[in-house]
Structures are given as structure tokens and as C-alpha cells.
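Let's take a walk through a protein model together. Have the picture open as you read, and look for each piece as it comes up.

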Amino acid sequence: MIQLNSIIQLKGLSKSFGSQEVLKSVSLNIQKGDIYGLLGPSGSGKTTLIKLMIGLETPSTGSVTFKGNKLKANELYPSIGYMAQSDALYDELTAKENLSFMASLYGLKTAERKEQIEKVMTTVDLLDHLYKPVHQFSGGMKRRLSLAIALLHEPEVLFLDEPTVGIDPVLRKEIWDSFHRLKEEGRTLVITTHVMDEAERCDRLGLLSHGEIISSDTPDAIKETYGVTSIEDVFLKNGGVSIAD
Ligand SMILES: Nc1ncnc2c1ncn2[C@@H]1O[C@H](COP(=O)(O)OP(=O)(O)OP(=O)(O)O)[C@@H](O)[C@H]1O
Ligand SMILES: [Mg+2]
């Protein structure tokens, strides 16, 4: 059954690479306007799950529904932003050239392009580095530039795979504030993280363990169900694997 507010629905989704079953019959609903966090130990299938949600991987079995319709990747791309776990940037180009290139792919008009580039680079606090070639960026700066690119066309749904890795705590908090602003605007965010305080700032969490969703609920409800005081303890109770790498 399609739920009223559901924007992404996964049903019995499995994925194998050769003989390795990476995801096992994952079913979940992501609600419109939520910040949905995917949590799980390294190798539990978070990146694979995100790739399946946006059609970068095809499921072995099961289905992905986007706004009530079967996922069609090419129709989906104008309404989503995707930030991959590894930065996909042109090192020899400046930040501005990287942004302009992506803006042209998204079909942004020249005036709109300039305005959006300034807006997203302000969000990630990189406006002073617009004309610097990317190979001169630090790891955290590259992460922030990737985030800026994902925000460029003001997508309805953002898929962010470990967006704050290598970013210092102060800026991380600012970036999370900007995630909450995006949510206030009605956007939906799907985010993977290993960081506990980030998990606590999500509306809902999907906990992945060995390719299975062991829980999908609000952080408070999950803690109550497992009788623990922190989300990390859920994993420690469930097989003793820590989610913090
Ligand atoms: N294209 C692929 N071919 C073969 N195996 C793959 C492929 N992509 C992922 N895997 C395997 O699937 C499993 C899950 O990988 P995935 O990248 O989804 O994990 P993850 O939860 O994102 O981990 P991390 O926290 O380290 O990013 C791993 O065992 C990985 O080796
Ligand atoms: Mg990953």
C-alpha cells in the first residue's frame, strides 16, 4: 500500500554482487520532508542502498517507488541531488568551473547560475575559494564543494552519502543547520552517517546491520524499543558491531 506522505518506498529490495548478498529484503518508507538517516557499520550496505534508491544500481529482487511510481532514473534526476561517498570533481578545474559545468547540465540559465553558485558556496562557507583549482583543496573542502554541487538546482530530494566526513565540528554544525533549513523548505534528505550526534538530528533512522534494516523509526522510539540511551548501543546489543569506524 502506498502511504500518503511517502516519497520513496522500498519493497523487498535485495542486492547481490556475485555470490555475496549485500542487501536482504529491505522494505522501508521515506516520508516527504523528513531527514532520514541511514546508519550501519562499514560494509553493511548503506551506499548500495542509496544507489538503488536513485537507480545507479539495479535491484536483484524487489522494487523502488518514487512518489508512487516505479523508479525511472532519467526522469528522477531533475528532482534529486546526489552526493557520492567519493568526490566526483574535476581536479584541474576551479570550484567555479566545476559548479558552472554542473549548473549547465542541470539547465540553469546564466543569471540563475550565478545566483545559485553564490548561494550554495555561502552555505558551505567556500565563497572565498571560488577561483581556486580543486587540486589545491583540502579533503574537507572537496566534501563541501561536492555538497554545494548537490544543492545547486534546489532539488526536492537530496541523497547525501557521508556528507560531513573530514569536516570540522563547527562547520559540521553549520551544515546540519542548513540541512534543517532545507527541510523547513519542504525538501527530503536521505543521509548516511557514522556520527552519533548527526544521527540524533535525523527525524527518522534506518539501522542497517548485515544488509538488513533492523529498525526504521525516530531516534527516541528506537532507543526506547531497545532499552538503550544511545543509538550506538543498539548496534552493540545487536551483534557487537560498532558503527563508528
Ligand atoms: N560494485 C560492487 N561490486 C562488488 N561488491 C560490492 C560493490 N559495491 C559494494 N559491494 C560490497 O557490498 C558491501 C556493502 O558495501 P557498501 O558500500 O554498500 O557499504 P557501506 O555501508 O556504504 O560501507 P561504508 O560505511 O564503508 O561506506 C561490501 O561488502 C562491498 O564490498
Ligand atoms: Mg558507504
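This is a predicted model: local features need pLDDT of at least 70, side-chain atom pairs count only at pLDDT 80 or more; totals for chains, interfaces and linings use all residues.

## A strand in the middle of things

Let's stay with β7, which covers residues 157-161. Five of its five residues are buried, so the strand is largely enclosed by the rest of the structure. In a regular strand, side chains alternate between the two faces of the sheet. You can see that here: V157, F159 and D161 point one way from β7, while L158 and L160 point the other way.

Now for the neighbours. Strand β6 (residues 80-83) pairs with β7 in the parallel sense, over four bridges. Strand β8 (residues 188-192) also runs parallel to β7, and five bridges join the two. Within that pairing, V157 stands opposite T188 in β8. To get from β7 to β8, the chain passes through helix α6 (residues 169-184), and this β-α-β crossover is right-handed.

In soluble globular proteins, nonpolar side chains tend to be buried together. In this model, the largest nonpolar core has 61 residues, and A148, F159 and V190 are the ones with the most contacts inside it. Helix α5 (residues 139-151) supplies the largest share of this core, seven residues.

So what does F159 touch, once you leave aside its neighbours within four places in sequence? The list is I50, M53, I54, I80, Y82 and V190.

Just after the helix, G55 takes a positive phi of about 80 degrees.

Helix α1 (residues 46-53) also gives the most to the shell around ligand 1, with three residues. The whole shell is made of F17, V22, G40, S42, G43, S44, G45, K46, T47, T48 and Q85. Sort them by class and you get two nonpolar, eight polar and one charged residues.

Strand β4 (residues 61-66) runs antiparallel to β5, with two bridges joining them. If you want a spot to look for, T65 stands opposite K70 in β5.

## A closer look at E21

Over in strand β2 (residues 20-31) sits E21. Is E21 buried or partly exposed? It's partly exposed, because 15 other C-beta atoms lie within 10 Å, and a residue needs 20 or more to count as buried.

E21 and H210 are 189 residues apart in sequence, yet their C-alpha atoms are 9.3 Å apart in space. Not counting residues up to four places away in sequence, E21 touches S14, S16 and G211.

Terms used
Residues are numbered from 1 along each chain as its sequence is written. Chains are lettered from A and ligands numbered from 1 in the order in which they are written. A nonpolar core is a set of buried Ala, Val, Leu, Ile, Met, Phe, Trp, Tyr and Cys residues joined through C-beta atoms within 7 Å. A residue is buried if 20 or more other C-beta atoms lie within 10 Å of its own, exposed if 12 or fewer, and partly exposed in between; C-beta atoms are placed from the backbone. Two residues are in contact if their C-beta atoms, placed from the backbone, lie within 7 Å. A residue is near a molecule or strand if its C-beta atom, placed from the backbone, lies within 6 Å of it. Ala, Val, Leu, Ile, Met, Phe, Trp, Tyr, Cys and Pro count as nonpolar, Asp, Glu, Lys and Arg as charged, and the others, Gly among them, as polar. Two strands pair if DSSP finds at least two bridges between them. A crossover is right-handed if, with the strands pointing away from the viewer, the path from the first strand over the helix to the second runs clockwise.
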